[in-house]
Every structure is written in structure tokens, then in C-alpha cells.
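Here's a quick briefing on the model below. Have the viewer open as you go through it.

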Amino acid sequence: MVTEFETKLLGVMMMIIMLGMGASLTLKDFMIALKRPVGIGIGVVTTYLLTPIVGFTLAHLVLLPNASQDASQWYAYAVGLILMACLPGGTTSNIFNYFSKGVLSLSLLMTIVSTLLAVVMVPLTLGFFSMGIDGNWKIPPENVAQVLFVLLVPTAIGMGLRKLNPNIGATLELLGGVLGVLVILFLMVSWVPRNWQLLLTTPWQVYFGSIGLGVFGFAVGYTFARLVRQDKRRARTIALETGIQNGPLGVLIVTLTFTGVQQQQVLLIPVLYSLFIMVSSTLATLWFRRISDREALSRDRAKVGMVKPA
């Protein structure tokens, strides 16, 4: 399903994106975000509690009822969906938050915090929410740590380069974002034609789970943020962070953990999720950006109204 070249390309892509993300960060960004740590705490709750609940619910309502047909296959689909729901936010969410005019410093900090916690939280949440599904679906923590270590090192290097030379940092930030989009588009163009027969025979329930995880994640993240009294702009930021999981990380973890037919079956939903989240995130970003522009216009008009004519 995913060739060795594509797996290596994903790894290189994520390293470059993390390098660019690190180059976009400064200590000042962290200090600003830490002045309102509630948003970060909300992000942790949505990432490692609410989103896994969404994945668990979709798996049990849409996928597992079909287990009487081919139990092992549907169990693997369910585990792939729950695994995606248990992953930290992806670096792609930072790009979409930038274009949606969200709170970028909050988005970046939420991504880094959830990624640092992933070594412990991904195996724990997957083990908890996959209980009752027959088979050995455990993710060894060292597999997660191995991937994250390779990703966090470029982040630290990017931050160091940004501090040494802001111009280099800005170039790396732009390069990381552009290259990330180009590689994802390349994988879509190369993967879809090669697997078109698989796509035609994939059950609709698998598509529903793959797309629904992101869409329901947006709704849950936004609703929860507003319930705990975050302003609308921060709520939209948290929504994108909640709905956009680190799909490439999921693919890499699956290829490290599972083998043979089981690997291919578990891998299907992370791959489909990574494809469709680009579409749903683009639509959400266009919608959020339109709202942000309207809010900015309203603020400008209010300021003009407050100025008394000479």
C-alpha cells in the first residue's frame, strides 16, 4: 500500500517540516502563549481524550458492527481509526491555522506539547480505547519515541537557526510549509492511481470513518473550546488542532509496529485519513478565514465609529 520509497519520503518530509516549524518559533512566542495556558490544557484534553472518544465511537458504531463478515479485517480497520484518533496534532494544522488567520503561536505550542506527550499518551490511549477488540494491537512506546526523536531534533535545530539568523529562520519556515504541501500532493498523485482498485472496493464505512474523524474532530474541538469560554478565534485554532491529526506519523508508526496483511489492513485508514483531511481542512480553513476577515472588518468599523470627527 505504501512503498519503501514513500515511507522514506514521508520521514524526510516530516523532518523538513519540523525544521521549518522550529524556525518559526521563538521564546517570545512561548511566553505569549503561556500567559494563557488554558488553551494549551484544552488542546491536551481534546487531543488525548475527546478525539479518541470520537474515534472510539465511530469505530464501534460504523466499523465493528461489520465484524461478522471478516472479523480480523474489520478489527484492523477499527484499530487504524482509533490509532489516528490517539495521535498528536499534525504540523499541517499549523499551516492551515496560518491561512485561516488563527492564533498561530497557540497552534504551534499545542502541536509541540501534544507531540512531546505522544511517547506516553499514544500507547496508553490506544491500549485503553482498543480494549475489547480481539488481537494484539499494542504500540510499543519505543516505536513512538523513535519517530518523535527524529522529528524533535530538527525542531530544536530550527529554533537555534532562527535565533542565530532570523532571515535563515524565515527561509526555512517557508521551505518547510511549501515542501510539506508539495510532498503530500506528490503522494496523492502517485498513490491514488496505483491503488484505484483498492479505493473502488473499500467499504463506505471505512470512508465514513476516515473523513468523519477529522470533521467531527473540528466540531468537538470548537464546541469544547467555546464551552470553557475561549474566544472564537482561539476556538477555531483549537478546532483545527483537534481535527487535524499527524497522519504521516500514524503511517510511520504502523509500518514500524505491524507486518504482513495486518499492517496493510491497519494502514488503510491512516492513509485515507491523510488524503481526505487535506480536503476537509481546506474547506474548514476557507470558512474560518472568511469569519476572521468579517470579524476584523467589524472591529475596524467599530474603531472608526469611536473616532469623533474634527
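Let's start with V206: leaving out residues up to four places away in sequence, V206 touches L63, W74, Y77, L268, I269 and L272. Keep in mind that this is a predicted model. V206 also belongs to the largest nonpolar core, where it is among the residues with the most contacts.

**Cores**
- The largest nonpolar core counts 71 residues, and L63, I133, W137, V206, L213 and L272 have the most contacts inside it.
- Helix α13 (residues 260-306) supplies the largest share of that core, with 12 residues.
- There's also a second, separate core of 9 residues, including I40, L109, A225 and I238.

**A helix pair to look at**
- Helix α5 (residues 92-99) and helix α6 (residues 104-129) have axes that come within 9 Å and cross at roughly 170 degrees.
- That angle is over 145 degrees, so α5 and α6 are roughly antiparallel to each other.
- On the α5 side the contact uses S93, N94, N97 and Y98, while α6 brings in L104, S107, L108 and T111.
- Sorted by class, this α5–α6 contact has 3 nonpolar, 5 polar and no charged residues.

**Overall build**
- The protein has 13 helices and 0 strands.
- Its radius of gyration is 20 Å, close to the 19 Å from the globule rule for 310 residues, so the protein is as compact as a globular protein of that length.
- The C-alpha atoms fill a box of roughly 80 × 40 × 35 Å along the principal axes.
- Of the 310 residues, 51% count as buried.
- Take the contacts between residues at least 6 apart in sequence: 83% of them join residues at least 24 apart.

Notes:
Residues numbered from 1 in each chain as written. Predicted model: local features only at pLDDT ≥ 70, side-chain atom pairs only at ≥ 80, totals over all residues. Heavy atoms only, no water. Core = buried A, V, L, I, M, F, W, Y, C linked by side-chain atoms within 4.5 Å. Buried < 20%, exposed > 50% of the residue type's maximum accessible area, 1.4 Å probe, protein only. Helix = DSSP H or I, 4+ residues; strand = E, 2+ residues; numbered from the N terminus. Contact = heavy atoms within 4.5 Å. Axes fitted to C-alpha atoms, helices over the stretch in contact; angles between N-to-C directions. Parallel < 35°, antiparallel > 145°, perpendicular 65-115°, else oblique. Nonpolar A, V, L, I, M, F, W, Y, C, P; charged D, E, K, R; others polar. Rg over C-alpha atoms; globule rule 2.2 N^0.38 Å.
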